[in-house]
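Please look over the structure shown below.

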Amino acid sequence: MRNLLGSFRREPSTDPSFVQMLLLALVALLVVGFGLYRLAPAPAINAAEIAKMLAHAGFFAPEPAERLAYVGLTIAAPVIVALAIWIGRRIRPLPISDTWLGIALIIAALVASTPRDEFQRPLVSSILLVPFWVSAVVLGASLLALRRRWTIRAQRIATLALCGFATVISLAWRIQGADTLSDASGHFDAFFYSVVQIGYGGTCLVDVLPQYGCYGEFLAPLFRLVGLSVLADSIIMAIMVAFSLCATILFARSLIRNPVVLTAVALWIVIVQNRVLWTWIPPDEYFQYWPLRTILPALSFLAVLWWQRGGSSLKAFTIGAVAGLGIWWNLDTGAVVLIALFGFLLLNGASGSNFTKRRVAANIAACAWFVGGALAAMLAFYGWLCLKSGQVVDVAQYVVFQDLFVGLGFAMMPMPRFPAAWAAAIALLVVVFLQFGLRIGRGPFSLRTERAVYLAVLAIGLFSYFVGRSHPVVFIHVTWPFILLAGYLVDAHGVSGGARTGRPVRALLAALVTGALVAGVADLWAGMPSVAELASTHLQAELGHDDAGDMARKLRFVRETVTPGAPSVAVLATNQGALLIAAGRKSALPGTGLQETIRKQDAERQIDALVGAGGPRDLFVGRELLAGDRQTWGSSPWVKNALPRIEQVYDRDQSNTDKELIHFTRMTEASRGADK
């Protein structure tokens, strides 16, 4: 049969050099990237829009150059890889063997990836804190294990053990009740507030404007079954994190054959997805990333494996429907997964020699079913929001925070200068794409290669979170797909395969695997005391042994003070969601939660609802919001500034003895008239 990519089928006169093609692609990407970065317009501060924000101007740093380079390189990468293959097949290889060029590239990647900041350096320096005998045992065991030929049974046992370990770690420290909630960073409340509002009958984009998506609508049925509480939320989130990790490990098993490599990769994925193991910063569940931004990629891994067992129109439609709902779960990750799955279906089977017009037509048909399922699910969910709220929902509200962060550059930071670890991550992607490109239309057909390409495309999209935020901690958050890709490449080209890989390269890769395994065990060793301490603290609190803490006192104060039978309440204080649960009803304030209130119009909307007709009977204000000149996100103290308006409608409860909360009660018309 005539191949669609016939121009790539002509046999070269010499054996093409893979590393030479890789060098061509990397140099071309480097030139294009720097060119786009230099050609981008200078950052333009939109003073008029920033004036509408509560945060001061220093919090806004638009990044048009980085955004242009990222988007431009993403679009140019397939073309550059194709050209590198075309040129590499037609020029004489360099008089240097691929073995030594490969070693040089690996060393360069290691140098670029060496942590240089206070957040990433401890990930590898903790190895110095581990007893020598532990390192020696792990090192010796891994070296011996790498010399063996492992069976599928051994790989399966390793997968089950790793999944069990990931589940125990994920559950042990994340499950907690409201009494032990501190949330000094505000991360928990930014995630949880919309869950509470929707759980008490509100509607996403109508009663609440969430920063991270309409995930609360998906969780609400679960909370109706088990009851809405911080404990129930933490249990559900921990189970979802464990599921995501197990699905990722299962997908890793489909890519990595050697159990030692699989173990090293899985341990590091567990480490980067459990901040309790990062002993140099406070532990943080950070539910807005784990599982909010990892559950969809995990489900997509299962979808890829399901599809490769045999595709059908029904499967394509079902996968599209799940991906479409993912857009509503979390817009950022949902869009990435949707695009990656579409590309996977479009190029399904492209690694084989029979990628013909008939196969392409079948793939296009599958993509049509996929798009149909996605559109049907997205429209059905939107219809549900309209039906539930009894009004036409303004879907433009769903991208408000994207406009703030991407458009105005709120809380953005510049990326580390080249060379840096992110450059090594990009190089991993190029290796995978080059490997795939060499097989297109030529074979041999490889399901594993196509899974790796899907993972690489997914990694590009998930990497966008770091391109904008660029905090060193955020880079750790987005490393997990690259860790998995690195493990796949080491396994495929060195430890378990790589017939064309030179022995020095295989030896170097084996050394890197053992080193990564020892370092991973070191991090786990250092972090286990924190896991045990948090698990014990949370358990003791749930058994009733810690009812005198600050959070327990505040919750008790709200429960005992709120007016019985009142339909709603207002809370403007840290741990807003947990305090609303203590009151047993949703907030009367529409729009964003306290931690997500960045725009002046959102703050004004809440104050107007508070002091206007029909405002709530009870108002609880955190004393911390009335002190100082800054509030959350470094914003102006809008609650403090609105206090004169509030006190025209609300009286301070003179019997209030709580040290951290002020209780206001709404004046009656008679008392307001008397005051006048």
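**Briefing**

The axes of helix α9 (residues 215-226) and helix α13 (residues 313-329) come within 7 Å and cross at roughly 100°. That makes α9 roughly perpendicular to α13, the label for angles of 65 to 115 degrees (under 35 is roughly parallel, over 145 roughly antiparallel, the rest oblique). The model is a predicted one, in which local features need pLDDT of at least 70 and side-chain atom pairs count only at pLDDT 80 or more, while totals for chains, interfaces and linings use all residues. Residues are numbered from 1 along each chain as its sequence is written, and side-chain values use heavy atoms, with hydrogens and water left out.

- Y215, F218 and L219 of α9 make the contact with L325, W328 and W329 of α13, where contact means heavy atoms within 4.5 Å.
- Axes here are lines fitted to C-alpha atoms, for helices over the stretch in contact, and angles run from 0 to 180 degrees between N-to-C directions.
- Helices (H or I, at least four residues) and strands (E, at least two) are DSSP runs, numbered from the N terminus.

**Salt bridges**

- The whole structure holds 11 salt bridges, each a side-chain nitrogen of Lys or Arg within 4 Å of a carboxyl oxygen of Asp or Glu.
- One of them joins the side chains of E217 and K388, at 2.8 Å from N to O. E217 is in α9 and K388 in helix α15 (residues 357-389), so this pair ties together parts that are 171 residues apart in sequence.
- E217 is buried at 7% relative accessibility, whereas K388 is partly exposed at 28%. Buried means under 20% relative accessible area, exposed over 50%, and partly exposed in between (1.4 Å probe, protein chains only).
- R599 and D602 form a salt bridge with their closest N and O atoms 2.9 Å apart. R599 is buried, with a relative accessible area of 11%, and D602 is buried at 5%.
- In the salt bridge between R645 and D608, the closest N and O atoms are 3.1 Å apart. Helix α26 (residues 643-647) carries R645 and helix α24 (residues 600-611) carries D608, so the pair ties together parts that are 37 residues apart in sequence.
- R645 is partly exposed at 39%, and D608 is partly exposed at 42%.
- A network of salt bridges links D550, R553, K554 and E660.

**Serine 300**

- S300 sits in helix α12 (residues 295-308) and is buried, with a relative accessible area of 1%.
- The side chains of S300 and Y454 make a polar contact at 2.7 Å. A polar contact is a pair of N or O atoms within 3.5 Å; within protein, one must be able to donate a hydrogen and the other to accept it, and residues adjacent in sequence count only if both atoms are side-chain atoms.
- Beyond its neighbours within four places in sequence, S300 is in contact with V337, L341, Y454 and L458.

**Strand β4**

- Six of the six residues of strand β4 (residues 661-666) are buried, so β4 is largely enclosed by the rest of the structure.
- In a regular strand the side chains alternate between the two faces of the sheet.
- L661, H663 and T665 are buried on one side of β4, and I662, F664 and R666 are buried on the other.
- Strand β2 (residues 618-622) pairs with β4 in the antiparallel sense over five bridges; two strands pair if DSSP finds at least two bridges between them.
- Strand β3 (residues 650-652) also runs antiparallel to β4, joined by three bridges.
- F664 of β4 stands opposite L619 and also opposite R652.
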